[in-house]
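Please keep the sequence and the structure at hand while reading.

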Amino acid sequence: MAEARQWAGTTYGNSRMHRWLISILRVVDVRVLYVFSAVFIVPVCLLLRPSFGIIYRVFRERFGDSVLQSLWKTYLNHCMFSQVVIDRFAMYAGKRFSVDIEGEEYFQSLASKPEGFVQLSAHVGNYEIAGYSLAMESKPLNALVFGNEKASVIKNRNKMFAGTHVRMIPVSDDMSHLFLIDGALQRGEIVSMPADRILGSQKTLRHIFLCRWALFPEGPFRVAAMRGLDVIAVNVMKTSAKKYKIYAKPLHYDKQASRKEQISQLSQEYVYELERMVIKYPTQWYNYFEFWI
């Protein structure tokens, strides 16, 4: 089971392919590549990659869809994921997307305080857009990212975030990223972390998610509880070809409770919000590994 849960964590393709894609997107509408991907790339991925069976079972077993519905939604899921990847490179090519924000007042309220806070994300939608849309000049945002991402992707991210207060904290095998997280929070900055996938530490929490037990990483919730920090969940969902919607929701917990209870309350709040997003946007769930236990 442990081996089945592993994930490569990198963007598909090599540096040459990425440069080629960016060059095309400077002159071609994203919708042209959406169609190309849906017709020529997604069907091949469905045949060759294990993500087909994993997502098919989500729709068939977790949502109770029929065989045909599950097959169709699995195809749509992969189409949506390809669009998210195309959109990321379109941003690297200089294009912009319209973004609506629900709950921006919560984010602004936390950002106006001198204390730092924790921002939790998930592998749904296109979270990277949040970095371009919610970045604050007054409070730096430190985003925890996979340490072995492709060099071309890291280069383009750094270019996009140049001149902003967004910084990358790569997850490292020696756990040195924990010191960077601690330093950022001590300075009153924002730390953004994914909380739906186990990276680094193997300490986990069990929660019912879509009617079955699943494992969530304990680390992000412990970081917040240890310091009594405010926490906000941010999910960025694609609503049309050139439009996204950001959902920013504060996660409440009793800061006077025991540490164990704080972590339990906070993680449960996060799971409720993630479940709400997945139910609302079922084809934008991109956790391509055996998530449930």
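## Salt bridges across the chain

Lys 242 is partly exposed, with a relative accessible area of 38%. The model is a predicted one, and within it Lys 242 forms a salt bridge with Asp 29, the closest N and O atoms lying 2.9 Å apart. Because Asp 29 belongs to the loop between helix 1 (15-25) and helix 2 (30-48), while Lys 242 belongs to the loop between strand 8 (230-240) and strand 9 (243-251), this pair ties together parts that are 213 residues apart in sequence. Asp 29 counts as partly exposed, at 24% relative accessibility. Asp 29 and Lys 242 are also linked with Arg 31 in a network of salt bridges.

The structure holds 14 salt bridges in total, among them the three pairs tabulated here.

| Pair | Closest N to O distance |
|---|---|
| Asp 29 and Lys 242 | 2.9 Å |
| Glu 189 and Arg 167 | 3.1 Å |

Glu 189 forms its salt bridge with Arg 167, and since Glu 189 lies in the loop between helix 8 (177-186) and strand 5 (190-194) whereas Arg 167 lies in strand 4 (residues 166-170), the pair ties together parts 22 residues apart in sequence. Glu 189 is buried, with a relative accessible area of 6%, whereas Arg 167 is partly exposed at 39%.

Lys 255 counts as partly exposed at 36% relative accessibility, and Asp 230 counts as partly exposed at 25%.

Technical notes
Residues numbered from 1 in each chain as written. Predicted model: local features only at pLDDT ≥ 70, side-chain atom pairs only at ≥ 80, totals over all residues. Heavy atoms only, no water. Salt bridge = Lys/Arg side-chain N within 4 Å of Asp/Glu carboxyl O. Helix = DSSP H or I, 4+ residues; strand = E, 2+ residues; numbered from the N terminus. Buried < 20%, exposed > 50% of the residue type's maximum accessible area, 1.4 Å probe, protein only.
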